[in-house]
Amino acid sequence: MTKKLTDKKLAVLGAGKLGGILLRAYLKQGLFSAKHVTATVKHGDKAASLEKELGVATTTDNRKAVHGADIVLLGVKPQVVGEVLREIAPELSADTLVISVAASVPTNYIEQHAGAKVPVVRAMPNTCSRVHTGMTGICSGAHASAAHLEIARAMFDAVGRTVVVDEKHMDAVTGLSASGPAFAYIILESFAEAGVKVGLPRDVSTLLAAQMMKGAASVVLETGDHPALLKDSVTTPAGCTIDGIMELEEGKLRVTLIKAVVKATHRAGELLFEK
Ligand SMILES: NC(=O)c1ccc[n+]([C@@H]2O[C@H](COP(=O)([O-])OP(=O)(O)OC[C@H]3O[C@@H](n4cnc5c(N)ncnc54)[C@H](OP(=O)(O)O)[C@@H]3O)[C@@H](O)[C@H]2O)c1
């Protein structure tokens with residue numbers, strides 16, 4: 001797969017936070033060759049600095065960037081997707097794979113604007129992709145084949161893990177694993193504050209909190225054990241952990257987190273229709 005992608009021409013439209021993270025990873029890993037990549041942003045000054053930093057052709061002209069591209073990665077905000085697709089539609093064909101990371105934007109919306117039976121893959125990565133620990137959900141549109149989905153998978157496996165889901169679950173993926181890092185940072189920051197409260201220096205406290213959360217997540221991923229079972233293994237009868245758990249239950253941590261993901265999921269369905 002890697003060799004095949006090096007030959008592909010990639011256009012990254014909207015090389016902002018997320019598009020930039022993906023593009024930097026592809027260049028660093030040699031997944032795509034810099035000479036075959038074009039990026040776009042809205043502002044000319046940003047284009048110039050990105051071109052200087054990444055060494056790829058960068059412009060504000062989406063249509064020009066897409067001309068001759070095999071893969072188009074759409075990294076613009078949901079509300080801008082329609083406008084960008086209208087610009088680039090004349091350059092798209094059944095041979096151009098369009099991969100969109102825009103929250104809220106269904107594959108059929110992209111297909112309607114792109115025309116010409118364009119294969120579309122919708123993806124929802126997260127910013128942890130920055131350090132190769134991303135989590136991305138992907139689903140295919142009406143004209144995307146298994147081979148197209150495999151190309152998209154390779155592009156998101158390059159920055160972490162990828163899971164294929166039904167499109168009806170994409171807003172839930174957005175609410176959980178794409179918004180989730182923000183929720184996790186608040187939890188992590190709270191642990192660090194707690195450490196300070198019980199007398200630890202802030203840097204030590206933050207390190208303990210972050211490595212502990214990374215460790216707990218790694219155990220779940222590597223053992224496949226149920227989190228409740230793992231929690232029980234930490235909780236000695238009449239020990240200190242159970243006292244902490246009682247505080248968490250009284251503070252309604254579980255239901256608060258569930259409600260946060262439900263709200264973010266509902267919101268993920270609304271973004272496209274806003275101006
Ligand atoms: N951030 C996340 O955690 C995350 C996670 C999953 C999915 N996403 C999705 O990723 C997309 C981008 O989010 P982001 O957080 O990366 O936002 P962002 O940093 O604001 O990036 C958007 C980029 O789009 C560019 N842009 C705006 N209008 C354009 C146009 N007409 N043509 C070409 N480029 C244009 C902007 O250019 P300038 O820099 O010149 O303004 C900017 O670089 C959104 O659809 C979002 O739903 C984000």
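Tutor: A salt bridge here is a side-chain nitrogen of Lys or Arg within 4 Å of a carboxyl oxygen of Asp or Glu. The model is a predicted one. By that rule, a search of the whole structure finds nine salt bridges.

One of them joins the side chains of Arg-24 and Glu-53, with N and O 2.9 Å apart. This pair links distant parts of the chain: Arg-24 belongs to helix α2 (residues 17–29) and Glu-53 to helix α3 (residues 44–54), 29 residues apart. Arg-24 is partly exposed, at a relative accessible area of 35%, and Glu-53 is partly exposed at 49%.

Another salt bridge is formed by Arg-153 and Glu-150, whose closest N and O atoms are 3.8 Å apart. Both residues sit in helix α7, and because they are three residues apart there, about one helical turn separates them. Arg-153 has a relative accessible area of 24% and is partly exposed; Glu-150 is also partly exposed, at 38%.

Glu-249 pairs with Arg-254 in a salt bridge, at 3.1 Å between the closest N and O atoms. Glu-249 is partly exposed, with a relative accessible area of 39%, whereas Arg-254 reaches 54% and so counts as exposed.

Now the domains. The chain is divided into domain 1 (2–167) and domain 2 (180–268), and their centres, taken over C-alpha atoms, are 34 Å apart. Five residues from domain 1 and four residues from domain 2 take part in the contact. Between the two domains the count of salt bridges is zero, while one residue pair is in polar contact across the interface. The side of domain 1 that touches domain 2 has one nonpolar, three polar and one charged residues.

About 320 Å² is buried between domain 1 and domain 2, and carbon and sulfur atoms give 55% of this area. Of the area that domain 1 buries against domain 2, 70% comes from Ser-104, Cys-128 and Arg-161, more than from any other three residues.

Val-159 lies in the loop between α7 (146–157) and β8 (160–164). Its relative accessibility is 1%, so Val-159 counts as buried. Beyond its neighbours within four places in sequence, Val-159 is in contact with Leu-22, Ala-25, Ser-129, His-132, Thr-133 and Gly-134.

How values were computed: Residues numbered from 1 in each chain as written. Predicted model: local features only at pLDDT ≥ 70, side-chain atom pairs only at ≥ 80, totals over all residues. Heavy atoms only, no water. Domains from an automatic or database assignment. Contact = heavy atoms within 4.5 Å. Buried area = accessible area lost by both parts, 1.4 Å probe. Polar contact = N/O pair within 3.5 Å; in protein donor to acceptor, adjacent residues only side chain to side chain. Nonpolar A, V, L, I, M, F, W, Y, C, P; charged D, E, K, R; others polar. Helix = DSSP H or I, 4+ residues; strand = E, 2+ residues; numbered from the N terminus. Buried < 20%, exposed > 50% of the residue type's maximum accessible area, 1.4 Å probe, protein only.
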